[in-house]
Amino acid sequence: MTETSRKPSNNLAHAIEQAIQSGPIIQSHVCTFCGKQFARESTLFVHICEPKRRHGQRDAVGVRIAYTAYADFYMETERNPKTYSDFCASQFYNAFVRFGDYCVAVGTIDSGAYSRWLIKHRKRIDKWCTDRFYDEWLTEHLREESLAIAIERSVIRAQDWASEIDTAPSEYFRECASNVICSDILKGATSPWFLYAAPSGIEWLENINTDQFKLIAKLVDPQHWEDRINRHRSDYVDMRTILSNGGF
Ligand SMILES: [Zn+2]
């Protein structure tokens, strides 16, 4: 082989070597979340890093609650709108996700309203998953909540209960165990608005024992609800008619 015939071959080998070391093949397989480079697309595809994992979690219920709370927090304290990418990079990502998961586990009735209350009362993020705070907020919230929203949620709870035992939702106060109804009231699933607007609800309240009443007394406080009913008399009468006609 002559010197001239070897030259093109050497040039080609050099070009291939260059392409492997710094060519477009390697640069095109870069993790956009952490910046790590991969020789193969398939390796990038199965690659998992913490930023990529966080982006992939964005549709999980707890993470959605967490991001809403995070964005609300920065709007409220700094008037600073935050994107989901900001959230993923935040040092407080895990703390907010813990809060989101807590809301899912507890079954909070309005996680957005609850986190805004925590922000407004300047509760530290590491204390957000505290049952005492949730109870405090829930008691305040249920006393001020609008009649329509409260009744809608309560009827959904009655429907869920009815579908479990294959009966009519209107039988909730007549057939559901009183301890279960007390628990529903304590969790906010069944609102005092519903209790006082449904004829069968008032009847149930009159017939529970002293211990059961003591358990829910703070939430069903008759004096407070008499005042509320008087302030919203027209809406209350309309709702009472609707519930009565529906057999509640
Ligand atoms: Zn990555």
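Leaving aside its neighbours within four places in sequence, with which residues is Phe-194 in contact?

1. Phe-194 is in contact with Ala-150, Ile-151, Ser-154 and Gly-201 once neighbours within four places in sequence are set aside, a contact being a pair of residues whose C-beta atoms, placed from the backbone, lie within 7 Å.

2. This is a predicted model, in which local features need pLDDT of at least 70 and side-chain atom pairs count only at pLDDT 80 or more, while totals for chains, interfaces and linings use all residues. Residues are numbered from 1 along each chain as its sequence is written.

3. The protein chain has a mean pLDDT (the predictor's confidence in each residue, from 0 to 100) of 90, with 89% of its residues at 70 or more. Over residues 1-8, however, pLDDT stays under 50, and the model has one contact beyond four places in sequence for them.

4. The largest nonpolar core has 24 residues, of which Ile-151, Phe-194, Ala-197 and Ala-198 touch the most other members; such a core is a set of buried Ala, Val, Leu, Ile, Met, Phe, Trp, Tyr and Cys residues joined through C-beta atoms within 7 Å, and buried means that 20 or more other C-beta atoms lie within 10 Å of a residue's own. Another core, of 19 residues, lies apart from it and includes Tyr-70, Phe-87, Val-97 and Tyr-134.

5. Ile-165 lies in helix α10, residues 147-165, helices being DSSP runs of H or I of at least four residues, numbered from the N terminus. Ile-165 is exposed because it has 9 other C-beta atoms within 10 Å, the limit for exposed being 12 or fewer.

Note on methods:
Helix = DSSP H or I, 4+ residues; strand = E, 2+ residues; numbered from the N terminus. Contact = placed C-beta atoms within 7 Å.
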